[in-house]
Amino acid sequence: MDAFVNRFKETPTFWADEISMLDGFGSYDAVKEFSQPVFEIPAVQNANCTDENSDSECRIKIEHGTTTLAFKFQGGIIVAVDSRASAGSYIASQTVKKVLEINPYLLGTMAGGAADCQYWQRQLGRHCRLYELRNKERISVAAASKLLANMVYPYKRMGISMGTMVTGWDKTGPNLFYVDSDGSRYKNDVFSVGSGSTFAYGVLDSGLDYELSTNDAIELGRRSIYQATYRDAASGGSVRSWEFIGLYDVGKLHWEYCGL
Amino acid sequence: MAGSYDRALTVFSPDGHLFQVEYALEAVRKGTCAVGVRGNDCVVLGVEKKSVLKLQDPRTVRKIVMLDDHVCMAFAGLNADARVLVNKARIECQSHRLTVEDPVTIEYITRYIAGVQQKYTQSGGVRPFGISTLIIGFDPNDKTPRLYQTDPSGIYSAWKANAIGRSSKTVREFLEKNYKEGLSKDETIKLTVKSLLEVVQTGAKNIEIALMTADSVIKNLEIEEVEAIVSEIEKEKEAEAEKKKKPTN
């Protein structure tokens with residue numbers, strides 16, 4: 001008798017396939033999409049083996065060293081990054097692209113694990129494009145950053161290392177958000193992320209003014225990155241700034257700024 | 001797998017009809033009439049209220065519902081099905097606010113409701129919803145009035161004026177004859193009431209009107225206001241009749 005009752009106990013509104021079918025027409029319900037990854041994550045479930053602070057033996061050394069910054073001013077947004085990838089004390093590359101184009105009007109920066117940033121921002125780009133197709137209008141920066149934050153939250157404490165700034169132009173003007181793999185998402189007018197961020201903040205905060213001209217703002221961004229690379233061993237290479245203003249070798253910049 | 005239905009109830013007939021969906025449309029045709037009219041800067045929903053039984057509390061029988069602060073919906077068909085769909089739509093409105101940090105656009109929520117209605121024509125063990133809906137509202141930061149209709153098959157489209165439910169064909173023909181672009185607020189309300197009067201013989205006490213304007217302000221007209229409009233319309237009709245009766249020299 002119980003078996004018979006159980007067969008008809010489930011009401012139609014709670015079937016598993018209903019939840020997956022909702023994706024068909026673009027429902028962004030964070031509650032429904034909160035799912036554990038389907039694959040087994042080895043050994044990371046219990047110990048945060050990528051975090052040097054919690055586990056001194058830190059089995060997986062992720063490339064953390066970087067300086068990225070972005071700030072809003074009257075002419076829009078300046079995004080400036082360095083281009084060094086370090087694995088511990090080894091400099092893996094001096095020419096890493098740390099500004100990732102999510103789509104032609106949305107930018108993301110990379111700080112933390114390079115693979116994590118690249119993968120999740122590609123996924124974000126996919127979702128943003130789907131949003132555009134379904135709703136016939138561009139996604140807002142607020143919504144895009146929220147999508148990214150919601151995508152990585154289920155993997156919290158599982159070893160993702162990503163500190164990214166999502167920025168771009170939408171209906172409400174230029175916007176700048178900071179999203180990281182701990183689940184934080186903040187909105188502000190100026191951010192600097194990475195091991196060299198403290199150095200960059202110093203220069204940035206002392207020179208920052210909303211009324212800067214475009215050239216002055218570019219120069220400020222460039223100078224801040226340079227100063228950070230000067231002091232931070234893990235940052236270096238060249239300054240890459242958005243709208244692809246230019247690629248400035250910090251070695252040469254050193255002579256420009258200090259050799260006077 | 002025990003506990004889940006796998007056989008679809010809505011299947012194709014040999015000549016390509018989904019009979020369950022068509023029967024659902026029949027159920028809609030038996031429901032009370034609902035009319036929506038889009039004006040220049042406002043949109044009006046009017047519904048036929050079934051006579052309230054003596055012991056029934058009239059305030060608990062509402063056919064115009066709010067899905068969010070800026071979206072309003074009326075339906076025709078099975079009231080219980082409507083309750084379920086309205087509930088889902090309300091949740092989706094809030095969910096959208098949470099994940100996209102913006103209120104829904106009217107087209108989005110209509111697409112969602114139509115999607116749910118379509119899903120129930122293509123799932124195991126369920127029947128289609130027996131309701132058609134009229135959804136009105138203004139998109140956030142937009143002054144364009146919007147009116148959409150969905151039906152049990154999951155089709156949705158935007159309308160300038162439409163009617164669903166009992167005698168919807170008559171009302172729609174009336175609207176086609178009398179609708180003009182750029183109607184003012186009062187003209188829109190008057191047209192809605194006039195078209196409902198084609199169906200509702202008993203007058204103002206069986207008509208409910210809701211008006212929405214660009215600042216997402218929803219006004220449910222009081223019964224006195226509706227009565228005033230009805231008497232105005234009747235006076236105009238009498239004047240027309242008098243003019244026709246007078247012999248033209």
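## A serine in a loop of chain B

B:Ser167 is partly exposed, with a relative accessible area of 35%. Buried means under 20% relative accessible area, exposed over 50%, and partly exposed in between, with a 1.4 Å probe and protein chains only. B:Ser167 sits in the loop between β8 (161-164) and α4 (168-178) of chain B. Helices (H or I, at least four residues) and strands (E, at least two) are DSSP runs, numbered from the N terminus. The phi of B:Ser167 is near 50 degrees, a positive value in a residue other than glycine. Most residues other than glycine have a negative phi.

## The model and its numbering

This is a predicted model, in which local features need pLDDT of at least 70, side-chain atom pairs count only at pLDDT 80 or more, and totals for chains, interfaces and linings use all residues. Residues are numbered from 1 along each chain as its sequence is written, chains are lettered from A and ligands numbered from 1 in the order in which they are written, and side-chain values use heavy atoms, with hydrogens and water left out.

## Chain A in outline

Chain A has eight helices and 12 strands. Of its 260 residues, 50% are buried. Contact means heavy atoms within 4.5 Å. Among contacts in chain A between residues at least 6 apart in sequence, 60% join residues at least 24 apart.

A positive phi turns up in chain A too. A:Arg157 is not a glycine, yet its phi is about 65 degrees. A:Arg157 belongs to the loop between α5 (141-152) and β7 (163-170) of chain A. With 61% relative accessibility, A:Arg157 counts as exposed.

Helix α6 of chain A spans residues 197-207, and its buried residues are A:Ser197, A:Ala200 and A:Leu204. They cover an arc of only 60 degrees around the axis, so they lie on the same side of α6(A). The arc is that of the directions from the helix axis to the C-beta atoms. An α-helix has 3.6 residues a turn, so residues three or four places apart point the same way.

What do the buried residues of α6(A) pack against? Their partners are β1 (68-73), β10 (190-193) and α7 (214-231) of chain A. The face turned away from the buried side of α6(A) carries the exposed residues A:Thr198 and A:Ser206.

## Two crossing helices in chain B

Helix α5 (residues 185-197) and helix α6 (residues 223-245) of chain B pack at an angle of about 75 degrees, with their axes 10 Å apart. Axes are lines fitted to C-alpha atoms, for helices over the stretch in contact, and angles run from 0 to 180 degrees between N-to-C directions. The angle makes α5(B) roughly perpendicular to α6(B). Angles under 35 degrees count as roughly parallel, over 145 as roughly antiparallel, 65 to 115 as roughly perpendicular and the rest as oblique.

Which residues make the contact? From α5(B) come B:Ile189, B:Lys190, B:Val193, B:Lys194 and B:Leu197. From α6(B) come B:Ile229, B:Val230, B:Glu232, B:Ile233 and B:Glu236. These residues divide into six nonpolar, no polar and four charged. Ala, Val, Leu, Ile, Met, Phe, Trp, Tyr, Cys and Pro count as nonpolar, Asp, Glu, Lys and Arg as charged, and the others, Gly among them, as polar.

## Buried residues of chain B

B:Ile131 lies in strand β5 (residues 131-138) of chain B. B:Ile131 is buried, with a relative accessible area of 0%. Leaving out residues up to four places away in sequence, B:Ile131 touches residues including B:Val28, B:Phe75, B:Leu78, B:Leu85, B:Gln117 and B:Pro152. The C-alpha atoms of B:Ile131 and B:Arg90 are separated by 17 Å, and the two residues are 41 apart along the chain.

B:Tyr108 is part of helix α3 (residues 106-119) of chain B. At 3% relative accessibility, B:Tyr108 counts as buried. B:Tyr108 and B:Ile233 are 125 residues apart along the chain, and their C-alpha atoms are separated by 37 Å.

## A partly exposed alanine

B:Ala214 is in the loop between β9 (207-213) and β10 (217-220) of chain B. Its relative accessible area of 22% makes B:Ala214 partly exposed. Not counting residues up to four places away in sequence, B:Ala214 touches B:Asp41, B:Phe138, B:Asp142 and B:Lys143.

A disulfide is a pair of cysteine sulfur atoms within 2.5 Å. By this rule there are zero disulfides over all chains. B:Cys72 is in no disulfide, and the nearest cysteine sulfur, that of B:Cys93, is 11 Å away. B:Cys72 is buried, with a relative accessible area of 1%. B:Cys93 also counts as buried, at 0% relative accessibility.
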